Amino acid sequence: MSVSTSPMAPESAISAMDAIYRRRAVRDYTHEKVDKAAIHALLDAAVHAPTAMHEEPCAFAIVQDKVLLNRLSNCVKDLLARGIDPIHPRGGKLTHDQFTARDFNVFYNASTLIVIYGKSMGPFVAADCWLAAENLLLACVAHGLGACVIGLAVTALNTQEWKKELGVDAGMTAYAPIILGMPAAPTPQVPRKPPEIFTWK
Ligand SMILES: Cc1cc2nc3c(=O)[nH]c(=O)nc-3n(C[C@H](O)[C@H](O)[C@H](O)COP(=O)(O)O)c2cc1C
């Protein structure tokens with residue numbers, strides 16, 4: 001039996017349980033750029049997630065251009081301010097003052113954004129993309145990187161304007177925008193409720 005291993009595992013690999021419990025939504029980054037080898041390793045971890053009927057419907061866009069990231073952040077803020085983001089009609093949990101503040105960047109000035117797209121429209125494409133997203137988030141922990149899903153960016157990324165800008169086919173759908181970089185400081189743990197078991201027969 002052959003066992004699949006990471007071609008680019010970090011030298012001090014951590015256990016899957018460690019990665020799960022150490023992962024945090026990181027919103028404070030150093031200016032350090034994530035190198036190409038690390039990004040390839042993260043993408044490789046992402047595509048090792050299970051996919052329905054082994055369809056492998058995910059594709060990735062990587063954005064490290066600061067000017068482009070700032071433009072995209074401003075576009076997200078503009079959609080929120082105009083109240084036309086159907087996912088976040090009132091700006092989600094952010095107050096109007098927060099998302100219109102000049103210095104607020106929805107990507108928290110992270111050096112890298114990876115967007116996971118579904119290439120087709122099947123019933124499990126969203127699930128496939130989110131499973132790939134979780135693999136990527138856990139791989140970030142193993143590589144000493146911080147990461148955070150930025151759901152606020154989904155609507156902007158699915159506009160024709162941004163699909164064109166990023167070279168995305170019109171028929172593809174952005175599901176999971178994930179920022180990553182070197183954490184600037186330790187991120188406190190966010191507590192969880194215990195699992196709610198409503199049936200165990
Ligand atoms: C689908 C999804 C969308 C999210 N969107 C945002 C976002 O737009 N901005 C943000 O700062 N955090 C976002 N988060 C991160 C959550 O706020 C975070 O995971 C949650 O507060 C729990 O914190 P933890 O991940 O550190 O345990 C998102 C997480 C998920 C799963």
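These legends describe close-up views of a predicted model. Local features need pLDDT of at least 70 and side-chain atom pairs count only at pLDDT 80 or more, while totals for chains, interfaces and linings use all residues. Residues are numbered from 1 along each chain as its sequence is written, and side-chain values use heavy atoms, with hydrogens and water left out.

**View 1. Residues around the ligand.**
The shell around the ligand holds 13 residues. A25, R27, Y108, G151 and R192 come nearest. A residue counts as near if one of its heavy atoms lies within 4 Å of the molecule. By class, the shell has 8 nonpolar, 1 polar and 4 charged residues. Here Ala, Val, Leu, Ile, Met, Phe, Trp, Tyr, Cys and Pro count as nonpolar, Asp, Glu, Lys and Arg as charged, and the others, Gly among them, as polar.

R23 places a polar side-chain atom 2.9 Å from an oxygen atom of the ligand. G151 uses its backbone: an N or O atom lies 2.9 Å from a ligand nitrogen atom. A polar backbone atom of L152 is 3.1 Å from an oxygen atom of the ligand. The ligand taken alone exposes 630 Å², of which the protein buries 64%. These areas come from the Shrake-Rupley method with a 1.4 Å probe; for residues, only the protein chains shown count as cover. A polar contact is a pair of N or O atoms within 3.5 Å; within protein, one must be able to donate a hydrogen and the other to accept it, and residues adjacent in sequence count only if both atoms are side-chain atoms.

**View 2. The second largest pocket.**
This pocket holds about 350 Å³ of space. Its lining has 14 residues, and R23, R24, Q189, V190 and R192 are the closest to its centre. Two elements each give two or more residues to the lining: α1 (16-22) and α5 (125-142). Helices (H or I, at least four residues) and strands (E, at least two) are DSSP runs, numbered from the N terminus. The lining divides into 7 nonpolar, 2 polar and 5 charged residues. A pocket is an open set of points, on a 1 Å grid over the protein atoms alone, with protein on both sides within 12 Å along at least five of seven lines; lining residues have an atom within 4 Å of a point.

**View 3. The largest cavity.**
The structure holds 1 cavity of 30 Å³ or more. About 40 Å³ of space lies in the largest cavity. A cavity is a set of grid points where a 1.4 Å probe fits but cannot get out. Points are joined across faces, edges and corners, and a volume is the space filled by probe spheres set on the points. K66, L69, N70, N105, F107, N109 and A110 line the largest cavity. By class, that is 3 nonpolar, 3 polar and 1 charged residues.

S111 sits in the loop between α4 (96-100) and β2 (112-118). S111 counts as buried because its relative accessibility is 7%. Buried means under 20% relative accessible area, exposed over 50%, and partly exposed in between (1.4 Å probe, protein chains only). A polar side-chain atom of S111 lies 3.3 Å from the backbone oxygen of E32. The side chains of S111 and T112 also make a polar contact, at 3.4 Å.

**View 4. T155 and A156 in helix α6.**
A156 belongs to helix α6 (residues 154-157), and T155 is found in helix α6 too. A156 is buried, at 1% relative accessibility. T155 is buried as well, with a relative accessible area of 16%. The T155 side chain makes a polar contact with the side chain of D85 (2.7 Å). The C-alpha atoms of A156 and S73 are separated by 9.0 Å, though the two residues are 83 residues apart along the chain.

Most residues other than glycine have a negative phi. E56, not a glycine, has a positive phi of about 45°. E56 lies in the loop between α2 (36-47) and β1 (58-63) and is partly exposed, at 43% relative accessible area. N109 is not a glycine either, and has a positive phi of about 60°. N109 lies in the loop between α4 and β2. With a relative accessible area of 42%, N109 is partly exposed.

**View 5. D169 in its loop.**
D169 is placed in the loop between α7 (160-165) and β4 (173-181). D169 is exposed, with a relative accessible area of 53%. The C-alpha atoms of D169 and Y117 are 10.0 Å apart, across 52 residues along the chain.
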